[in-house]
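Let's take a friendly look at how parts of a protein chain sit against each other. Have the model open beside you as you read.

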Amino acid sequence: MFDRLSAWRPQALAALRIMTALLLIEHGTQKFFNFPPAEQPFGDLMNLIGLAGILEVVGGILILVGLFTRPVAFVLCGFTAVAYFMAHAPQSFFPVNNRGDAAILFCFVFLYLTAAGPGAFALDNRRG
């Protein structure tokens with residue numbers, strides 16, 4: 001049975017890529033447009049928070065459509081690792097307490113996308 005499921009590996013990878021991108025874009029739109037509304041809106045975006053928002057929106061869109069997936073995923077992997085250690089880890093050792101579990105998951109999904117590529121339904125597949 002599981003051998004037959006392997007035939008769906010490219011589509012499953014695409015689903016992982018697309019859903020991860022949509023979640024990442026949501027983090028960026030929250031910083032820039034306060035959508036969805038944040039508990040405490042981000043004020044001045046001319047700092048690291050603004051850079052993070054740009055990486056989340058632009059990188060998320062590129063990952064969503066599967067364009068330059070591997071290099072973008074590599075950059076986002078590093079970005080989310082740095083975000084975890086700068087913003088979350090100092091608050092508590094435990095990710096569930098420091099609210100950094102999403103950053104850790106993003107980091108490892110982007111690491112996987114760097115190695116595995118975009119899967120099905122990606123513009124990278126049309127580039128050749």
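A residue counts as exposed when its relative accessible area is over 50%, as buried when that area is under 20%, and as partly exposed in between. Keep this in mind for the rings below. The model you see is predicted.

**Two helices in contact**

Start with helix 2 (residues 9-33) and helix 6 (residues 101-116), which pack with their axes 11 Å apart and at an angle of about 135°. That angle makes helix 2 oblique to helix 6. The crossing of helix 2 past helix 6 is left-handed.

Which residues meet here? From helix 2 come Leu13, Leu16, Arg17, Thr20, Leu23, Leu24 and His27, and they face Phe106, Val109, Phe110, Tyr112, Leu113 and Ala116 of helix 6.

**Pairs of aromatic rings**

A pair of aromatic rings is described by the distance of the centres and the angle of the planes. The structure holds four such aromatic pairs, and two of them are set out here:

| Pair | Centre to centre | Between the planes | Arrangement |
|---|---|---|---|
| Phenylalanine 32 and phenylalanine 33 | 6.3 Å | 55° | tilted |
| Phenylalanine 93 and phenylalanine 94 | 5.3 Å | 85° | edge-to-face |

Are these residues buried or exposed? Phenylalanine 93 counts as exposed because its relative accessibility is 69%, and phenylalanine 94 is partly exposed, with a relative accessible area of 48%.

Notes: Residues are numbered from 1 along each chain as its sequence is written. This is a predicted model: local features need pLDDT of at least 70, side-chain atom pairs count only at pLDDT 80 or more; totals for chains, interfaces and linings use all residues. Side-chain values use heavy atoms; hydrogens and water are left out. Axes are lines fitted to C-alpha atoms, for helices over the stretch in contact, and angles run from 0 to 180 degrees between N-to-C directions. Helices (H or I, at least four residues) and strands (E, at least two) are DSSP runs, numbered from the N terminus. Angles under 35 degrees count as roughly parallel, over 145 as roughly antiparallel, 65 to 115 as roughly perpendicular and the rest as oblique. A crossing is left-handed if the near helix is turned anticlockwise from the far one by less than a right angle, and right-handed if clockwise. Contact means heavy atoms within 4.5 Å. Rings of Phe, Tyr and Trp (its six-membered ring) pair if their centres lie within 6.5 Å; planes under 30 degrees apart count as stacked, over 60 as edge-to-face and the rest as tilted. Buried means under 20% relative accessible area, exposed over 50%, partly exposed in between (1.4 Å probe, protein chains only).
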